[in-house]
Amino acid sequence: MVTLKIALRSLLRRKVRMVLIGLLVFLGTMLIVMGETFSLSTSFSSKKSIIDNFTGDVILYSSKAKEKPTPFAFNSPLPVIGNSGHIEAWLDSNGLCVSHVAIAQNYGMMSIDKNGKKTDVPFIFYAVDPVKYYATFKNVSMQSGTFYNSLGTGIQEGVVLSVLQQQTYKKNYAVDLNEGDAVTLLSIGDAGSVNAQPSRIVGIYKPKYYSNVFNYINFLDITSYSRLYNFTGVDSASLPASVNNALAQQTDDDIFGLAGNTSSMVETSSLVSKELSGYTTIAVKLKEGVSGTLFRKRIAQMGFDVKCATWEESAGFFAYIGSLISGVIYGATILIFIIVIFILMNTLIINVLERTGEIGTLRAMGAEKGFVRLIFLWESFLLNGIASFAGMFASFVLIAIIAAGKGVILPDVVQQYLTGGAPLKLILSIRPFAEAIGLVGLVSVLATVYPVRVATKITPLKAMSDK
Amino acid sequence: MAPADTVIKLSEVRKEYMLGTTLVEALRGVSLEVKRGEFLAVAGPSGSGKSTILNMIGCIDTPTAGTIIINGKEVEHLSDRDLTRYRRVTVSFIFQSFNLIPVLNVYENIELPLLLQKVGSQTERHERVMHFINEVGLSDRIKNKPTELSGGQRQRVAIARALVTRPVMVLADEPTANLDSATGGKILDLMQKINAAEGTTFVFSTHDTHIMDHAQRIVHILDGLIVSDEKKAG
């Protein structure tokens, strides 16, 4: 192919300029591949880390809730899920999930009587079933004591404090709380009543991931929590169907419509008292291949009085960070490639103008415009192809080396938001390479359009007048 | 309608263009008929309109007024594709500055018009290329790039390139202007030899009286007008 021959030799004839342009395309390709790999790895690691340590794949919460669940719903806790026991039983048997844990987010006070001095301190907490929590999230590193009976042994009731919380009490209240210390938990009811529950410090933990969240969160076992907040109610099975239906509608009209309806008369002696857990959310980890959509569909069919939030909805800002970084990388990539397009286009135009006589001669010899166009397209594709292939190969080697190591260590504050604190593991994926090929192809075409237009407008007269 | 042995006919061709704010009349009503096998010199001083006439004959420039007829068709009715085909098949050019493709060697430069014409097999192309390389005496320079050749050698490559497609007509714009007189004479001898052997029409421009002596027909042009058209006997 004579066009390929002319293109290749023309590139070799202008070595220095072409090497510089090649270097630009090489670096641009590396930036795309590395940037996209970083972005993909960030998204993947962020998602995995949030799901593994934070939210699970989906979070169930009361359908009465007006807000989405978040890790920080302490000041305005979500409404209690009334039938969490039934839901957890269904989760155990439906075959859709790997594990699940119900959580109650709340805040209260602890009264400490130590060394003859009585101090009340505030604390926010997750009230959980320790065994299920430990089986679902691996975010707890015990500094002293055990995480309740999560490993089969240990104390089942009490408080697990975070290290930071322990240090804060020492600094702000001069209270040194340690494993085994007795405390009195205090809850304040809606009418201002105070409930007290004796408890103890079971252990001190340090969060493995997302310390910027979990440093402020302590744990309380669910049994102590239920007692502290008097979560007792009526078993819905002992209520007439019309009452249950009206309650399920959740509107004032339906509930007040029960008045005067004889079929809805309730015989109070038949009501069965039931101790409620007080759980506000249930975090669910789904099995591999089970989609959130399928899970939502199935749980909707069950008619539980709950809504379902995705991990992204629940993680809020933390999930947004990954998307933000991807967006920034994409933006930078586009910017780089616009610059590359302009530089490449400029160089090709200079090439065209330098070769006016040559192009005019070809046209005078009867070369069609397509012939001239093909020469410049070959030049662009050859230059960009070779440079981008080299860029992709260099990126591949670099990613493979980094992926084989311990990962990319970023500043702690960045790592906390991206991966919960772990080094960023790079993932070798075909997608960044495919995207780089596509983008380089696009750049080759876009950067060539105008120079080729200039070239094909050169008339044979130019060759005659090129004396 | 031009006679069958007429390659091209120019009738009252005018060419005007603007040079800055000045209107330049390059041709002021030129009529010329070129017949097959002619060895024709367009002679005149610089700026007289020699190159413009050649450009009109080669259909690489268009007249402001008048008609140019090629193979019985007026040029203004031909499409860009038709004109490109005309340049590829019917006419070949020899440029004053040789205009070889710098990245191709001697053989490849001469082969290029055949590739543009999509001429048959590689064997056929090779035979034709080698024939003209031998004709111009460059068989020992096949692999050389244009930059490795002397001016005379480059012009011989340009002649071989112009002839390899066996065109009806070769247009040469001052083909010896960049050569010394001895080399120029040899180039003209070569063109004459091919004209006699192949019957190829040659139209060349010159202002050199020694070069004009080689021509069978000399068209003198001055200030955009043909002032004389003389044929040599024999």
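Among contacts in chain A between residues at least 6 apart in sequence, what share joins residues at least 24 apart? The answer is 79%. Keep in mind, while you look at these views, that the model is predicted.

**Figure 1. Chain A in overview.** The 467 residues of chain A include a buried share of 40%. Its secondary structure comes to 17 helices and 12 strands. For contacts between residues at least 6 apart in sequence, 79% link partners at least 24 apart. The next two views pick out one strand residue and one helix of this chain.

**Figure 2. A:N218 and its neighbours in chain A.** Start at strand β8 of chain A, residues 218-221, where A:N218 is found. Is A:N218 buried or exposed? A residue is called buried if 20 or more other C-beta atoms lie within 10 Å of its own. A:N218 has 22 C-beta neighbours inside 10 Å, so it counts as buried. Leaving aside residues up to four places away in sequence, A:N218 touches A:F123, A:I124 and A:F125, then A:V159, A:V160, A:L161 and A:S162, and also A:Q165. Now find A:Y107, which is 111 residues away from A:N218 along the chain. The C-alpha atoms of A:N218 and A:Y107 are separated by 9.7 Å.

Figure 3. Follow the chain past α15(A) and you come to A:G420, which has a positive phi near 80 degrees.

**Figure 4. Chain B in overview.** Chain B holds 7 helices and 10 strands. Of its 234 residues, 46% count as buried. The C-alpha trace of chain B spans about 45 × 45 × 40 Å along its principal axes. How does its radius of gyration fit that of a compact globule, and what is the value? A compact globule with 234 residues would have a radius of gyration near 17 Å, and chain B agrees with this because its own value is 18 Å. Among contacts in chain B between residues at least 6 apart in sequence, 72% join residues at least 24 apart.

**Figure 5. Where chain B touches chain A.** On this view, 23 residues of chain B are in contact with 20 residues of chain A. Three helices of chain B each supply at least two residues to the side that touches chain A: α1 (50-57), α2 (80-89) and α3. Which helix of chain B gives the most to that side? It is α2(B), with 5 residues. By class, the side of chain B that touches chain A has 12 nonpolar, 6 polar and 5 charged residues.

**Figure 6. Helix α3 of chain B and its surroundings.** Helix α3(B) runs over residues 106-116. Of its 11 residues, 8 are buried, so the helix is largely enclosed by the rest of the structure. You can look for them one by one: B:V106, B:E108, B:N109, B:I110, B:E111, B:L112, B:P113 and B:L116. What covers these buried residues? The cover includes α1 (2-13) of chain A, together with α2, α4 (122-135) and α5 of chain B. Just after α3(B) comes B:K118, which takes a positive phi of about 55 degrees.

**Figure 7. α3(B) beside α5(B).** Helix α5(B) covers residues 151-163, and its axis comes within 7 Å of the α3(B) axis, with a crossing of roughly 30 degrees. That angle makes α3(B) roughly parallel to α5(B). The crossing is right-handed. From α3(B), residues B:V106, B:N109, B:I110, B:L112 and B:P113 meet B:V157, B:A160 and B:R161 of α5(B). The residues of this contact divide into 6 nonpolar, 1 polar and 1 charged.

**Figure 8. α3(B) across α4(B).** Here the two axes come within 10 Å and cross at roughly 125 degrees. This makes α3(B) oblique to α4(B). Again, α3(B) passes its partner in a right-handed crossing. B:V106, B:Y107, B:I110, B:E111 and B:L114 of α3(B) meet B:R125, B:R128, B:V129, B:F132 and B:I133 of α4(B). This contact has 7 nonpolar, no polar and 3 charged residues.

Key
Residues numbered from 1 in each chain as written. Chains lettered and ligands numbered in written order. Predicted model: local features only at pLDDT ≥ 70, side-chain atom pairs only at ≥ 80, totals over all residues. Axes fitted to C-alpha atoms, helices over the stretch in contact; angles between N-to-C directions. Helix = DSSP H or I, 4+ residues; strand = E, 2+ residues; numbered from the N terminus. Parallel < 35°, antiparallel > 145°, perpendicular 65-115°, else oblique. Left-handed = near helix turned anticlockwise from the far one by under 90°. Contact = placed C-beta atoms within 7 Å. Nonpolar A, V, L, I, M, F, W, Y, C, P; charged D, E, K, R; others polar. Rg over C-alpha atoms; globule rule 2.2 N^0.38 Å. Buried ≥ 20, exposed ≤ 12 C-beta atoms within 10 Å, placed from the backbone.
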